[in-house]
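Let's take a walk through this complex, from overall confidence down to single side chains. Keep the viewer open as you read.

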Amino acid sequence: MGEDTDATPTLNHRGFLPDHNYVTEADIISTVEFNHTGELLATGDKGGRVVIFQREPESKTEPFSQGEYNVYSTFQSHEPEFDYLKSLEIEEKINKIRWLPQQNAAHFLLSTNDKTIKLWKVSERDKRPEGYNLKDEEGRIKDLSTVTSLQVPVLMPMDLMVEVSPRRVFANAHTYHVNSISVNSDYQTYMSADDLRINLWHLDITDRSFNIVDIKPANMEDLTEVITAAEFHPHHCNLFVYSSSKGTLRLCDMREAALCDKHSKLFEEPEDPSARSFFSEIISSVSDVKFSHSGRYLLTRDYLTAKVWDLNMESKPLETYQVHDYLRSKLCSLYENDCIFDKFECAWNGSDSVIMTGAYNNFFRMFDRNTKRDVTLEASRESSKPRAVLKPRRVCAAGGKRRKDDISVDSLDFTKKILHTAWHPNENIIAIAATNNLYIFQDKLNSEMH
Amino acid sequence: MIMKGQKRKHPPEEVDVSDRSSPMWESQRQFVFSVSLNKYHHSQGLPEPSLRRSVLIANTLRQVSLEAFAAPSVDMEASPPPCSSSSGLLESVFTAKHHPAETFSNSHSALDEDEDWGSISTDSDFSLSAVISSILTALDSTIDGSSQAAPRTPLRSLENLPAPTDGGVGWVKQGFRGYGGGWEQQEEGRARESSTELMRCSYLSELTVEDLFQDIDSSLLEMDMGVLGLLGSGGGCPTGDDLLRYLPPFSSSPSHPFSLSLNQNLKCLPSLSSFGPLSSSSSSPTCLSSPPFSSQNHGLDLEHLMEILVES
């Protein structure tokens, strides 16, 4: 599992001078997503840019360069906007990217900021026609008197050019901040969720969307719960799940009613009265929800734990994994410095046997559901030289017995948080976003899923 | 443990919070309460307030206030009850919420048209606790005389303020000033401390009540006097209820300076001002009997209010 992970060279998100310690805010990565084959990896950042990496095909001659990800394309997806009615600036930060399954030579992805979703077409051009009759090589019109014979233009190879163009803009449908988008398994529709509403779109229709969930109370005074994440079922195009800030998950069936305010299933773990604190509600807020690839399970992340739920059992999660329980006694400070509101994402591996999520101090955790083993790894320049094996880390309680290389809870750096992680759909390759750096790790020894 | 560069305060840590009788529980509760208030005010100033964050903070505030009240043995100690005034205030507000007053359906419909404003200002309005704090903020800023330009609020709701508002505001100023001078020196009573905390926190607000009152069309105020007159006619609890009806949604969108919420909050100012200085029952009579207040003629029954507070 994770213990034998090799580190591929760190890929800088930007030309980042190694001596600089400050981080340009616009470079902070805000989302990471592999496409359905894993060949492409897209990242979005706070400055509204999307960078797509492509995996180099494996070559026999250079065994060490096989499977590396290099920059494929960069484009500006969203620009900052100004809402004149409310006198509010709309951030260009990319909240989510989702790839569409590939149906022809081009790739399509959806990217969204707080208000607007855009569909982008990414296509390659590696040939161009040459041999025009009326134009010469530079495009100037030929002197007709010099044309003596007709030729058929032929396609000649050229340097690869990647073109990205916006195909659809889905705007003006969200009053609140969009936190999730999810493409349906029918490949024709997708949904976008903000704090209080979920809308269903058709990929070809931009001027209207269908509202399927609305939890806005008639009287906003009564608002106590918001939607935090939403996702379609990977196989059943009528099912989707959304999570709330109160720690509940709701599975909805679009066949039951047009408006899915009433859930089909409600997943909620009863609160443990002995563990109750002032922050119980805040730490129970679900920050991410992901269906397993099989569609049988749900993975959720709240502040301190990651939970695996069985769709057939609503009363409690199947498995609960403590991500950083040592923070439980520090909740007061974490509330004060706002860290308690951090939204960590989570990810399944391709075979649904391992789950992964991020933590603080550039640590990320992986849990093997079968062996019940877990590992803590660090994504940082110092600890990961190219092709070095990542060393498992350990966090010990302050003042407790401390082994060499252990980190004490009090020395954790809470500004270095790993909020966004992604796992290759088929192989043991993971992408970790650490502030403005992207780390890609491959498990060379165990490339195949098991 | 803390963000780099931040001065370390001392949050109560390592507390077994499920144990209410633990002395740390109360200090942690107060800490959470003051931090939550701070956060709420702070979020008003952010360009992009996150609705999720605001809702969670508001829920925490509400829970913290309710829990304080739910442990009366702790609160009712002879040695100054911790936060009893502030928590009592909030608690009466919250319980009142659950007893909607039928008589105010008419006035409430007046709020409906303001709902349009609410729906326009997106990340709008929720949570009574935050409403309370914004009220207290407004109260405090009159004393503070904050020089920061208060964002103008939509005027519609100001129409509903009771007539002798200026007198009320004046009284508020007077009452608080008396306190203001003594803040630094006061050592008695955590009760005082906690209300002090509240007021201190509200220094963060940019709002000055004077700005808001400037545009009051007094002719429109008459019609609501009758409505407010009913405030005092009910029993102890219902008074709180009616008060509650007026406590509006607040806007967490800062450039819509509390938009409809704070305006409507101001409706309540005259009545709340009677709560304000009453951090402990012993000090109340002086404030209540001060002349400017007694000149207010909107039918508030002060005795009833006193009873509520004493009971809580």
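Some ground rules come before the tour. This is a predicted model, in which local features need pLDDT of at least 70, side-chain atom pairs count only at pLDDT 80 or more, and totals for chains, interfaces and linings use all residues. Residues are numbered from 1 along each chain as its sequence is written, chains are lettered from A and ligands numbered from 1 in the order in which they are written, and side-chain values use heavy atoms, with hydrogens and water left out.

The predictor gives the complex an ipTM of 0.88 and a pTM of 0.67. Helices (H or I, at least four residues) and strands (E, at least two) are DSSP runs, numbered from the N terminus. Residues 73–129 of chain B stay under 50, yet the model has 140 contacts (heavy atoms within 4.5 Å) for them beyond four places in sequence.

Now for the inside. A nonpolar core is a set of buried Ala, Val, Leu, Ile, Met, Phe, Trp, Tyr and Cys residues joined through side-chain atoms within 4.5 Å. Buried means under 20% relative accessible area, exposed over 50%, and partly exposed in between (1.4 Å probe, protein chains only). The largest core has 44 residues, and those touching the most other members include A:Phe279, A:Tyr303 and A:Ile355. Elements giving it two or more residues come from both chains, among them β23 (305–310) and β27 (363–368) of chain A and α1 (23–45) of chain B. That α1(B) supplies the largest share, 6 residues. A second, separate core of 16 residues includes A:Val375 and A:Ile432.

Rings of Phe, Tyr and Trp (its six-membered ring) pair if their centres lie within 6.5 Å; planes under 30 degrees apart count as stacked, over 60 as edge-to-face and the rest as tilted. There are 18 such pairs over all chains. A:Tyr303 and A:Phe344 have ring centres 6.4 Å apart and planes at 50 degrees, so they count as tilted. This pair links distant parts of the chain, 41 residues apart. A:Tyr303 is buried at 3% relative accessible area, and A:Phe344 is buried at 0%. A:Phe364 and A:Phe441 are stacked, 5.8 Å centre to centre with 20 degrees between the planes.

Next, find A:Tyr321 in strand β24 (residues 319–322) of chain A. A:Tyr321 is buried, at 8% relative accessibility, and its contacts beyond four places in sequence include A:Ile355 and A:Phe367. Its side chain also makes a polar contact with that of A:Glu319 at 2.5 Å; such a contact is a pair of N or O atoms within 3.5 Å, where within protein one must be able to donate a hydrogen and the other to accept it, and residues adjacent in sequence count only if both atoms are side-chain atoms. A:Lys96, in strand β9 (residues 96–99) of chain A, is buried as well, at 11%.

Finally, β14(A) and β15(A) pair antiparallel over 5 bridges (strands pair if DSSP finds at least two bridges between them). They form a hairpin with 3 residues between them.

Technical notes
pLDDT = per-residue confidence, 0-100.
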